Amino acid sequence: MTTTIMDEFILPTLIRYIDHYHWSFNIAMRLINMYHGTGYTEKELKALYRKSQKIS
């Protein structure tokens with residue numbers, strides 16, 4: 001999976017939803033897609049989240 005500019009843009013939001021608010025990936029996916037007008041799947045967001053955790 002390659003990281004796009006949009007991935008880097010939504011990553012702080014995704015991390016906040018999962019780590020700080022303890023929301024499910026399903027809720028995070030729906031809010032991110034609605035707010036940013038994207039079409040991420042739950043599987044894509046999980047992969048992006050896991051990738052960001054390996055980097056830090």
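Reply: T13 is buried, because its relative accessible area is 12% (buried means under 20%, exposed over 50%, partly exposed in between, with a 1.4 Å probe and protein chains only). The model is predicted: local features need pLDDT of at least 70 and side-chain atom pairs pLDDT 80 or more, whereas totals for chains, interfaces and linings use all residues. Residues are numbered from 1 along each chain as its sequence is written, and side-chain values use heavy atoms, without hydrogens and water.

T13 lies in helix α1 (helices are DSSP runs of H or I with at least four residues, numbered from the N terminus). Beyond its neighbours within four places in sequence, T13 contacts I32 and H36 (heavy atoms within 4.5 Å). With the same exclusion, I10 contacts I32, H36, Y40, L45 and L48.

I10 and I32 belong to the largest nonpolar core, which has 12 residues, Y17 among them (a set of buried Ala, Val, Leu, Ile, Met, Phe, Trp, Tyr and Cys residues joined through side-chain atoms within 4.5 Å). Helices α1 (5-20), α2 (25-36) and α3 (42-55) each supply at least two residues of this core.

Y17 is buried at 13% relative accessible area, and Y17, Y21 and W23 form one aromatic cluster. Rings of Phe, Tyr and Trp (its six-membered ring) pair if their centres lie within 6.5 Å; planes under 30 degrees apart count as stacked, over 60 as edge-to-face and the rest as tilted. The count is 4 aromatic pairs. Y17 and W23 have ring centres 5.0 Å apart and planes at 40 degrees, so this pair is tilted. The pair of Y21 and W23 is tilted because its planes stand at 50 degrees, with centres 4.9 Å apart. W23, at 34% relative accessibility, is partly exposed, as is Y21 at 41% relative accessible area.
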